[in-house]
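Morning, everyone. Please take a look at the sequence and the structure, and then we will walk through some residues.

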Amino acid sequence: MLNFSDRLIESIKKKNSVLIAGIDTSIENIPDYFIKRFYDKEKSEIDNLKTILFEYIRRIIDAVEENVVGVKFQAAFFEQYSYHGFEVLHKLCEYTKNKKLVVIFDGKRNDISSSAKGYSNAYLGETPVFGKKMRFFEFDAITTNPYLGQDGIKPFVEDCERFKKGLFVLVKTSNPSSADFQDLMVEDKYLFEVVAEKVYEWGKNCIGKEGYSDVGAVVGATQPEAAKRIREILPNSFFLVPGIGVQGGKIEDLKYFVDSNNMGIIVNSSRDIIYAYKNYVHSDFEKSSYLASKNIKESINAAIS
């Protein structure tokens with residue numbers, strides 16, 4: 001099997017796109033007409049929830065697949081529905097994989113080493129069950145929080161090497177208060193620069209044939225100045241870039257995130273795609289999401305070309 005970074009590059013070239021569709025869907029933001037269409041009064045609220053959530057997201061994925069290289073599922077928006085939400089997530093993960101799209105679990109997981117291994121087993125690798133190994137999810141990559149240090153990251157890195165999966169470590173995030181900790185000075189460096197240096201070390205044994213590491217960084221689109229610094233530290237890593245659009249990140253600033261080959265980024269857009277019907281005159285949410293993803297893809301390509 002190819003390394004994650006190589007599979008990602010193949011998809012980028014095939015689709016002529018670096019766009020990722022972020023799935024941050026809540027029932028209250030699904031159009032009323034769609035809920036009425038699938039709501040069955042003979043079924044329980046939970047059964048209706050699972051049906052409507054799956055059907056809406058499935059149709060979004062169908063609508064945008066031409067314009068995106070992958071899909072990023074935000075764990076919180078499934079966890080809010082308890083194990084019912086994770087049942088839907090499991091089905092959507094399989095559905096998306098069957099479309100040959102890159103599938104990212106955005107859970108920002110980490111813990112002490114033994115617990116981190118459990119997270120990695122669940123989302124990247126295999127879990128021991130009665131003397132056998134079982135795979136429960138088929139995600140291609142996961143987001144992680146580096147705050148616990150190397151022992152909390154090592155299990156993920158080992159599974160990246162073993163299973164050819166990807167890892168995106170939080171380095172400089174898009175939220176306004178990221179500076180509270182990430183911009184603290186450690187000797188003569190920002191803390192986010194120290195984390196970036198660790199990401200480089202963690203990814204040295206996960207290099208694909210195209211020369212890119214399978215261990216990348218989350219760098220928010222609202223942080224172009226930081227992106228310049230991080231790119232110097234991580235010349236051959238992919239950046240997962242959230243924060244364009246609603247969060248204030250500017251597409252024209254993406255030129256500061258790419259590497260010397262105008263590569264090395266995938267750009268996430270969530271609400272501007274999954275709720276595009278709120279901004280378009282079309283009542284058809286699928287058409288609106290398609291048009292939004294097409295426009296964002298083309299705008300990104302123009303900015304980084």
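Is Y95 buried or exposed, or partly exposed? At 22% relative accessibility, Y95 is partly exposed. The cut-offs: buried is under 20% relative accessible area, exposed is over 50%, and partly exposed lies in between, with a 1.4 Å probe and protein chains only.

Some ground rules. This is a predicted model, in which local features need pLDDT of at least 70 and side-chain atom pairs count only at pLDDT 80 or more, while totals for chains, interfaces and linings use all residues. Residues are numbered from 1 along each chain as its sequence is written, and side-chain values use heavy atoms, with hydrogens and water left out.

Now the aromatics. The whole structure holds 15 aromatic pairs. The rings of F54 and Y95 are edge-to-face, because their centres are 6.3 Å apart and their planes stand at 80°. To pair, rings of Phe, Tyr or Trp (its six-membered ring) need centres within 6.5 Å; planes under 30 degrees apart are stacked, over 60 edge-to-face, and the rest tilted. F54 sits in helix α3 (residues 45-64) and Y95 in helix α5 (residues 82-98), so this pair ties together parts 41 residues apart in sequence. Helices (H or I, at least four residues) and strands (E, at least two) are DSSP runs, numbered from the N terminus.

Stay with F54. F54 is buried, at 10% relative accessible area. K91 lies over the face of F54, 4.2 Å from the ring centre. K278 lies over the face of Y275, at 5.0 Å from the ring centre. The test here is NZ of Lys or CZ of Arg within 6 Å of the ring centre and within 35 degrees of the ring normal. There is also an aromatic cluster, made of F86, F105, Y123, F137 and F139.

Next, the core. The largest nonpolar core has 92 residues, and those with the most contacts inside it are F73, F78, I265 and I300. Such a core is a set of buried Ala, Val, Leu, Ile, Met, Phe, Trp, Tyr and Cys residues joined through side-chain atoms within 4.5 Å. Helix α3 gives the most to this core, with ten residues. Beyond four places in sequence, F78 touches a set of residues including L53, I57, F73 and F86. Contact means heavy atoms within 4.5 Å.

Which residue does the UniProt annotation "active site" cover? That record puts it on K108. Its positions are in the numbering used here, feature names are shortened, and annotations may be inferred rather than shown by experiment. K108 is in strand β3 (residues 102-109) and is partly exposed, at 36%. Leaving out residues up to four places away, K108 touches Q74, T143, T144, N145 and L170. The K108 side chain also makes a polar contact with the side chain of D106, at 2.8 Å. A polar contact is a pair of N or O atoms within 3.5 Å; within protein, one must be able to donate a hydrogen and the other to accept it, and residues adjacent in sequence count only if both atoms are side-chain atoms.

N67 lies between α3 and β2 (70-74) and is buried, at 2%. The N67 side chain reaches the backbone oxygen of Y290 at 3.5 Å. K209 lies between α9 (191-202) and β10 (213-219) and is exposed, at 59%. K209 and N3 are 206 residues apart along the chain, yet their C-alpha atoms are separated by 7.8 Å. Beyond four places in sequence, K209 contacts L2 and D6.
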